Amino acid sequence: MRSSRVVADERGSSSPALTTSPLQSPDFHYADELAKVIQAVEDCESFHTRWVAKVEKRYRAYRGLAEKRNTDVATWRSNLTIPYLLQIIEGMISTMQDPKPTWKVCPRPRPGEAPELVQGRSQSGKVASSALQWAMDDDEFFLKQRPFMQQDLIAGMTVAKVVWAYEATDMTHLVPMAYEITDDWGIVRDHYVSTEEQTKHTVLRDGPSMIVRDVRDFFWPEGTKSVDQAAYVIDRSWETWESLKEKERAGVYKNVDELKEARNNQAQTDYTEREQALWSRERNKNLIEVLEYWEDDQVITVGGRTVVLAGGRPNPLRIKRKPFVACSAMPDAFQMVGMSVVEGLAQIQEYLWTLQNQRLDALRLLVNPVTLIRSDIDDPDAFEWYPGAQWMVEDPGQASQLQIDATPAQITLEAEALLKGDLQNMLGGLPMAGGVNSGSVDQKTATGMSIITSIAQKLIQGRKQHYSWAYSKVGELFLGMMGQMLRESRTIAQIGKEGAQELLVVHPLDLQGDFDVKIDVLDESVVKQERISEAMALVNMVAPIAQIANVNLQPFVERVLDASGIDDTQRFFNKPQAGPQQGPFVPPGGQNAQGTPQGMQGVAGQLGQGQAPIGSQGQTNAAAATQMGGNNGLTLSPDQFAASQVQAAQQLGGGGY
């Protein structure tokens with residue numbers, strides 16, 4: 001059904017339904033969509049600019065760039081700014097980064113949904129897990145963890161955007177071709193197969209993608225506490241005119257020609273201090289500002305703050321959510337932005353710089369002493385300074401060295417060690433690895449190191465948990481887009497048991513519905529080793545009593561093989577022999593007429609023969625033994641129990657296990 005709204009081409013729709021501000025009265029309407037977006041971003045910039053200034057200051061501290069001072073400093077003074085925070089944050093990132101995360105998906109029951117329907121979707125959960133694992137690997141999620149965490153540890157917040165990525169191009173392929181050899185009368189005399197190059201339109205990418213957004217280009221209302229609760233959010237990007245024109249030809253944008261000359265002159269504040277200080281460049285040079293205004297049910301795209309590129313359209317996502325995930329590893333109560341690691345440690349780093357530079361200045365004065373020359377010396381430059389130099393003076397008091405106290409160069413060392421320990425201890429570093437003092441805990445002992453390491457691991461694990469929750473939200477957005485966009489079966493690759501590649505066909509119906517996503521951050525080899533250890537522990541527990549309790553050990557061994565990734569477990573077991581058997585195992589030596597294994601005759605003879613019986617011939621109280629479990633060996637004499645154990649061991653050795 002076509003809408004009857006009034007549309008002003010370059011400025012977007014003027015329909016009241018699309019120009020109402022979510023933060024204003026329902027009776028208030030903007031003139032058009034362009035005015036609505038411009039007013040929203042200007043309202044956000046008033047406080048966003050102040051916050052970005054703090055982010056830039058934290059980033060300079062992270063890179064070891066000291067703040068500019070108003071007072072002039074002599075050139076001989078030390079000005080070292082070692083980036084200690086960079087090392088601390090890099091250590092945290094390496095600890096929290098997962099090279100191969102595993103995604104687990106379970107169907108989410110809807111309110112009022114019948115249990116049998118939820119149970120019926122359980123198989124879809126397994127397929128959805130494989131589909132999500134493939135989508136994350138295809139999107140190279142393992143490479144995007146680092147910028148996602150790094151930005152949060154510096155700024156106090158990080159943002160990820162989920163989009164649908166489609167990429168296609170014309171590629172040249174080599175294909176086999178069959179040729180015929182004919183004579184002059186058209187009769188086929190021979191055939192041969194050769195190759196030929198053909199150009200084919202090939203789809204390179206068609207799936208969800210996660211983009212880590214620069215928080216300097218992400219705007220939200222001042223009183224917002226989370227992305228889901230925000231009335232709107234604005235995502236700013238910088239693009240070339242050619243890329244916008246390409247999207248216009250694809251039918252995504254319009255009015256792009258109005259922006260051909262609008263380059264790098266739209267935003268009031270460009271936030272390029274970081275790039276200027278580090279690389280002396282502008283991050284948005286010759287680029288056009290593009291603003292995406294997102295509400296839960298509406299999307300407006302504005303270019304150069306002068307024209308609406310795409311407006312008058314509802315939220316294209318079926319889940320009706322903003323496709324953004326904001327995260328902070330140390331969230332602050334009732335705030336959108338959390339606390340950053342740099343924020344808590346920047347002052348300690350600056351104080352440490354001050355002490356280090358003062359100590360170096362004192363050392364310079366000690367090794368390069370000041371020479372006192374009396375004013376009656378005619379030619380002060382005649383005194384040459386080099387080892388073994390001789391100065392001819394009438395009075396030794398005419399030239400002497402200024403005595404500098406060496407104490408300041410020593411007393412700062414202890415203060416520096418304490419500050420380095422505070423840098424590591426406050427927010428979960430590893431002091432022992434950095435060789436710094438940790439205060440009252442003695443790191444030279446194993447106990448002290450264990451205490452420090454345990455505290456650091458708990459702090460790191462707490463931060464990592466917040467990232468895992470954010471990744472789960474990203475996974476839910478991935479599945480929501482896949483359930484909406486995929487309309488035909490797709491074959492994906494997955495890693496099967498023993499590391500072999502397997503192919504799985506995913507039907508669009510397998511991705512319908514709501515899912516709960518969990519991320520398993522353990523390494524695959526670690527998980528496999530734990531499964532093997534658990535299976536082996538069960539075998540070791542059951543094996544000693546297997547013969548007494550008449551337990552079949554084959555299922556337990558199969559569990560160990562399955563944990564090791566072996567599918568064909570039957571090839572490890574001997575086939576059952578034909579004919580009647582007297583017990584669960586037939587030893588290679590056969591049995592005698594009494595049914596006793598021949599291999600046990602010698603042991604039984606030794607236990608039953610001899611002048612003096614070995615051990616006690618008594619018997620445990622049968623009634624008490626029965627109350628304690630019956631067939632547990634307590635009703636036998638010690639010698640009988642020993643004989644039964646030897647017989648069980650012999651049968652285990654001959655039964656193919």
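The protein chain contains 16 helices and 16 strands, where helices (H or I, at least four residues) and strands (E, at least two) are DSSP runs numbered from the N terminus. The model is predicted: local features need pLDDT of at least 70, side-chain atom pairs count only at pLDDT 80 or more, and totals for chains, interfaces and linings use all residues. Residues are numbered from 1 along each chain as its sequence is written, and side-chain values use heavy atoms, with hydrogens and water left out.

Of the 657 residues in the protein chain, 37% are buried (under 20% relative accessible area, with a 1.4 Å probe and protein chains only; exposed is over 50%, partly exposed in between). Among contacts (heavy atoms within 4.5 Å) with a separation of 6 or more, 67% are between residues 24 or more positions apart.

Three strands form an open sheet in the order E5-E4-E11, with antiparallel pairing; two strands pair if DSSP finds at least two bridges between them. Strand E5 (188-213) and strand E11 (324-327) are at the edges with a single partner strand each, so one side of each has no neighbour in the sheet. On average, neighbouring strands of this sheet are turned by 25° against each other, direction ignored (axes are lines fitted to C-alpha atoms, for helices over the stretch in contact, and angles run from 0 to 180 degrees between N-to-C directions).

Strand E4 (residues 158-182) pairs with E11 in the antiparallel sense over four bridges. Ala160 stands opposite Val325 in E11. Helix H5 (residues 141-155) lies across E4, E5 and E11 and runs at about 20° to E5.
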